[in-house]
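Please open the model in a viewer and keep the sequence at hand.

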Amino acid sequence: MAKGLIELEEMRFWAFHGCLETEKKKGNLFLVDFKGELDMTQAAADDRLEDTVNYAEIYDVVKTQMGIPSDLLEHVAGRIVKEIERRFPQLVAFSVRVSKKKPPVDGVAQWSRVTLYSKR
């Protein structure tokens, strides 16, 4: 068996996640990273998209969920994880990281991040 990783890094979205009214009105830049583990034996041998996870479909899941405002990054990431679990049962394990640019903290922080993991 040839286990491998499929990854999508720095998917960029302007979205309206946050607890503060200004975050909900102005929006912010968010990055989403996905890393998934699966058996790639058949895809490596046959060169057929049907034998792997189509990362364009992963992107579509992320894009849809990023378009739904939430107060918490944990909630956004949780929705993404739930939908990926539902649509891609061939994934053995995966992670989703959601990052918010310049979060509203009393000080300087370039990013706030939440990472959720799923393992079957």
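Select Phe 94 to begin: at 4% relative accessibility it counts as buried, because buried means under 20% relative accessible area, with exposed over 50% and partly exposed in between (1.4 Å probe, protein chains only). This is a predicted model, in which local features need pLDDT of at least 70 and side-chain atom pairs count only at pLDDT 80 or more, while totals for chains, interfaces and linings use all residues. Residues are numbered from 1 along each chain as its sequence is written, and side-chain values use heavy atoms, with hydrogens and water left out.

Phe 34 and Phe 94 form a tilted aromatic pair, 5.9 Å centre to centre with 35° between the planes. Rings of Phe, Tyr and Trp (its six-membered ring) pair if their centres lie within 6.5 Å; planes under 30 degrees apart count as stacked, over 60 as edge-to-face and the rest as tilted. The pair links distant parts of the chain, since Phe 34 lies in strand β2 and Phe 94 in strand β3, 60 residues apart.

Now display the strands. Helices (H or I, at least four residues) and strands (E, at least two) are DSSP runs, numbered from the N terminus. Two strands pair if DSSP finds at least two bridges between them. The open sheet has 4 strands in the order β1-β2-β3-β4, with antiparallel pairing. Its edge strands, each pairing on one side only, are β1 (3-15) and β4 (111-119). Select residues 28-39 and 93-101: these are β2 and β3, antiparallel strands joined by 8 bridges. Within them, Val 96 of β3 is the bridge partner of Phe 34.

Proceed to helix α4, residues 73-87, which lies across β2, β3 and β4. Among its buried residues are Leu 73, Val 76, Ile 80 and Ile 84. The buried residues of α4 pack against β2, α3, β3 and β4.

Contact means heavy atoms within 4.5 Å. Leaving aside neighbours within four places in sequence, Ile 84 is in contact with Phe 34, Ile 58, Val 61, Leu 91, Phe 94, Val 96 and Arg 120.

Which residues have the most contacts inside the largest nonpolar core? They are Phe 34, Met 66, Ile 84 and Val 96, in a core of 26 residues. A nonpolar core is a set of buried Ala, Val, Leu, Ile, Met, Phe, Trp, Tyr and Cys residues joined through side-chain atoms within 4.5 Å. Helix α4 gives the most to this core, with 6 residues.

Technical notes:
Axes fitted to C-alpha atoms, helices over the stretch in contact; angles between N-to-C directions.
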